[in-house]
Amino acid sequence: MRCRACGAETLEALGSFPAAPIEGFPLSGAVDLVACGSCGFLHNVVPATNDYSRYYREFNKHRVRQPDARALDLAYFNACLDALCSVGTPATVLDYGSGDGLLAELCLARGVGRVDRFDVHLPYPQGPYQAIFTAHTFEHVVDVQGDFERLCGLLDRDGLLLFAVPDAQAYGEHDCGPFGWLDLEHINHFTPPALLALFERNGLRVEHMQRGARQVRPHLAYPEIRVLARRRAVAAGPLPALRNYLRRSAADFERLRAQCTAFADASRFDQVFLWGCGITAQRLSHAGLPSRVRLCDADPRLHGLRIGDRVIESPEVVENRAGVGVFVAAVNQVAIAAAVRRAKPRVEVALCPH
């Protein structure tokens with residue numbers, strides 16, 4: 001068994017809290033709590049017989065809220081939207097785990113251009129969104145990392161995520177009866193460190209974290225962690241960077257080949273040499289050099305060998321007289337060009353690249 005948040009196998013059993021199930025109910029009465037030694041995340045072991053899709057379609061008590069609870073929701077959602085809109089009203093918002101749609105109504109009243117809703121009975125949204133709101137949803141999902149990663153993928157570049165869940169670190173500060181916070185719906189239990197690790201793994205920068213309580217009934221408050229985070233701008237990875245290098249190199253090589261050809265074709269030269277027979281000279285030879293170009297290299301091991309139909313010669317063949325041109329194609333080309341100019345001042349030298 002692995003941690004549902006980070007995938008680690010370092011799980012510690014914290015206890016089993018059984019209860020007799022209701023006949024025909026889609027969830028069993030068992031709650032087995034484990035803690036991840038790697039990221040600190042807490043979750044219930046989900047029995048294979050549990051059918052959460054059916055439960056939230058048929059038994060979800062949050063789908064329709066009573067007037068007193070709806071008034072509390074109104075105040076809560078407005079406070080959340082104050083935080084979400086503190087840097088400007090987003091043009092597109094996703095309400096993820098939207099319940100009865102109250103948040104969507106409030107967003108539109110604040111001037112949001114488009115608000116999409118997602119819940120178990122609705123098709124999955126496409127995105128991207130400038131802002132996503134999800135409150136007290138992720139304590140219910142089975143695949144925490146998978147669903148969170150998918151949710152983050154709906155965020156626009158630099159998009160904001162407002163994320164709220166019960167605060168397991170504060171369960172003991174709020175009375176909900178013996179083991180009351182370990183119910184059959186809340187299968188995930190977040191602490192601030194585990195939540196920060198989840199955001200960090202998924203490329204989100206936490207801009208604000210608030211710990212407090214959400215009043216869900218006149219007589220009941222949930223200990224809550226509320227986080228406002230922003231999707232980090234993704235730097236170019238290795239493959240895009242390499243592609244950019246290859247595109248730039250292709251353009252540079254075409255300019256180089258044109259320069260070398262123009263230098264070799266100049267009528268003022270009686271003899272033309274390409275000095276240096278490394279990879280640049282080999283590529284130039286493959287691309288096609290004027291037939292009058294001869295090859296030379298200072299490495300005696302190469303003398304007498306061929307690139308195509310051209311023999312690699314010793315630099316001594318370069319004559320110290322006017323009408324001789326040398327195009328240097330070597331890593332240390334500046335030093336070579338300086339040495340040639342000193343030794344053979346009448347020879348015209350050009351560098352590669354120019």
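Where is the place of Asp158? Asp158 is found in strand 7, where helices (H or I, at least four residues) and strands (E, at least two) are DSSP runs numbered from the N terminus. This is a predicted model, in which local features need pLDDT of at least 70 and side-chain atom pairs count only at pLDDT 80 or more, while totals for chains, interfaces and linings use all residues. Residues are numbered from 1 along each chain as its sequence is written, and side-chain values use heavy atoms, with hydrogens and water left out.

Asp158 has a positive phi of about 65 degrees although it is not a glycine, and at 37% relative accessibility Asp158 counts as partly exposed. Here buried means under 20% relative accessible area, exposed means over 50%, and partly exposed lies in between (1.4 Å probe, protein chains only). A positive phi, near 55 degrees, is also found in Phe179, a residue other than glycine. Phe179 lies in the loop between strand 7 and strand 8 (188-189), and with a relative accessibility of 55% Phe179 counts as exposed.

The largest nonpolar core holds 31 residues, of which Ile132, Phe138, Phe148, Leu161, Phe190, Leu195 and Phe199 touch the most other members. Several elements each supply at least two residues of this core, namely strand 4 (92-96), strand 6 (129-135), helix 4 (144-152), strand 7 (155-166), helix 5 (192-201) and strand 10 (220-231). A nonpolar core is a set of buried Ala, Val, Leu, Ile, Met, Phe, Trp, Tyr and Cys residues joined through side-chain atoms within 4.5 Å. Leaving out residues up to four places away in sequence, Leu195 touches Phe163, Val165, Phe190, Met209, Ile225 and Val227, where contact means heavy atoms within 4.5 Å.

In helix 8 (residues 333-343), the residues Gln333, Ile336, Ala337 and Val340 are buried. Seen down the axis of helix 8, these buried residues fall within an arc of 100 degrees, so they line one face of the helix; the arc is that of the directions from the helix axis to the C-beta atoms. On the other side of helix 8, Val334 and Arg342 are exposed, whereas the cover over the buried residues of helix 8 includes strand 11 (271-275), strand 15 (324-328) and strand 16 (348-351).

In helix 7 (residues 279-287), the buried residues include Ala281, Leu284 and Ser285. Viewed down the axis of helix 7, its buried residues fall within an arc of 100 degrees, and they therefore line one face of the helix. Helix 7 is followed by Gly288, whose phi is positive, near 110 degrees.

Attention can now turn to charged side chains. Side chains of opposite charge can pair when their charged atoms come close. A search of the whole structure finds 19 salt bridges, a salt bridge being a side-chain nitrogen of Lys or Arg within 4 Å of a carboxyl oxygen of Asp or Glu.

One of them joins Arg54 to Glu58, with the closest N and O atoms 3.1 Å apart. Both residues lie in helix 1 (residues 52-58), 4 residues apart, which is about one turn of the helix. Arg54 is partly exposed, with a relative accessible area of 26%, and Glu58, at 48%, also counts as partly exposed.

In helix 6 (residues 238-265), Glu254 and Arg257 lie 3 residues apart, about one turn of the helix, and their side chains meet in a salt bridge (3.2 Å, N to O). Glu254 is partly exposed at 42%, as is Arg257 at 26%.

Glu313 and Arg294 also form a salt bridge, the closest N and O atoms being 2.9 Å apart. This pair links distant parts of the chain, with Glu313 in strand 14 (residues 310-313) and Arg294 in strand 12 (residues 293-296), 19 residues apart. Arg294 counts as partly exposed at 27% relative accessibility. Elsewhere, Arg70, Asp100 and Glu105 are linked in a network of salt bridges.

Leu305 lies in the loop between strand 12 and strand 13 (306-307) and is partly exposed, with a relative accessible area of 45%. Leaving aside its neighbours within four places in sequence, Leu305 is in contact with Arg310, Val311 and Ile312.
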